[in-house]
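Q: I'd like to learn how to read the inside of a protein model. Can we go through one together?

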Amino acid sequence: MEALDRLAKATGSRGGELIGLDSEAVVPFQWVTGVGSDWFEGFIAIEGGNPAINPFVREGSKLGELQVAASCDFITRKERRCSVFLNEFTSPFDVPYICLSPILKQDNMLVGLAVQRTASQGEITDQQRAVFTSLAPHVRSAVKTQLALEHKGALLVSGALEALNMSVFV
């Protein structure tokens, strides 16, 4: 969460977000800074993981890994006026603007990175977008490392204990 908050600050944004989505629009995890504790419950209630409802998820699922898009690249004026997700969910939290990138796409899973911006902050600037673009590969590496450790955790611990000549059931 601290790293996401620092990403937000480095890009002049309100909050940072790391989200996992599966092919069924299920959200296995969503870490968001700067928006309050009721964000996740509201996101799930409005079906925020569904690309038919959430224009940010829709755009992110179309992009290739590490491609970056800002809301100004894909949200039309009409969609900004008519979108239930934008008007009933992001507006009350004052995060109508976003810059996002799918940092990992594999096995029916997408991990997305984003920074969220308030109405007063407006769309992300070219300089802030360059900062986001330069940091996204580092977040991707951290996510890949975490996934590798999750899948190899028992083997890693077992190998470390074996190297220490310790007999322990893992």
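Q: Let's start with one residue. Leaving aside neighbours within four places in sequence, which residues is Phe85 in contact with?
A: Keep in mind that this is a predicted model. Setting aside those within four places in sequence, the contacts of Phe85 are Phe43, Ile46, Gly48, Ile53, Asn54, Pro55, Phe56 and Thr90.

Q: Which residues touch the most other members of the largest nonpolar core?
A: To read a core, look for buried nonpolar residues joined through their side chains. The largest one here has 23 residues, and Trp39, Phe43, Phe56, Phe85, Phe89 and Leu100 touch the most other members. Two or more residues come from each of β1 (15–22), α2 (39–45), α3 (55–62), α6 (84–93), β4 (97–106) and β5 (109–117). The top contributor is α6, which gives four residues. There's also a second, separate core of 16 residues, with Leu18, Cys99, Leu113 and Ala136 among them.

Q: How many aromatic pairs are there?
A: For ring pairs, check how far apart the centres are and how the planes are angled. The count here is 10 aromatic pairs. Take Trp39 and Phe89: their ring centres are 4.5 Å apart and their planes sit at 55 degrees, so this pair is tilted. Since Trp39 belongs to helix α2 and Phe89 to helix α6, the pair ties together parts that are 50 residues apart in sequence.

Q: Are Trp39 and Phe89 buried or exposed?
A: The cut-off for buried is under 20% relative accessible area. Trp39 has 4% relative accessibility, so Trp39 counts as buried. Phe89 is buried too, with a relative accessible area of 4%.

Q: What kind of pair do Phe43 and Phe89 make?
A: Planes over 60 degrees apart count as edge-to-face. The rings of Phe43 and Phe89 have planes at 65 degrees and centres 5.9 Å apart, so that's an edge-to-face pair. This pair also links distant parts of the chain, with Phe43 in helix α2 and Phe89 in helix α6, 46 residues apart. Both Phe43 and Phe89 are buried.

Q: Which residues do ring pairs link into a cluster?
A: Follow the pairs from ring to ring and you get a cluster of Trp39, Phe43, Phe56, Phe74, Phe85, Phe89 and Phe93.

Methods
Residues numbered from 1 in each chain as written. Predicted model: local features only at pLDDT ≥ 70, side-chain atom pairs only at ≥ 80, totals over all residues. Heavy atoms only, no water. Core = buried A, V, L, I, M, F, W, Y, C linked by side-chain atoms within 4.5 Å. Buried < 20%, exposed > 50% of the residue type's maximum accessible area, 1.4 Å probe, protein only. Contact = heavy atoms within 4.5 Å. Phe/Tyr/Trp six-rings, centres within 6.5 Å; stacked < 30°, edge-to-face > 60°.
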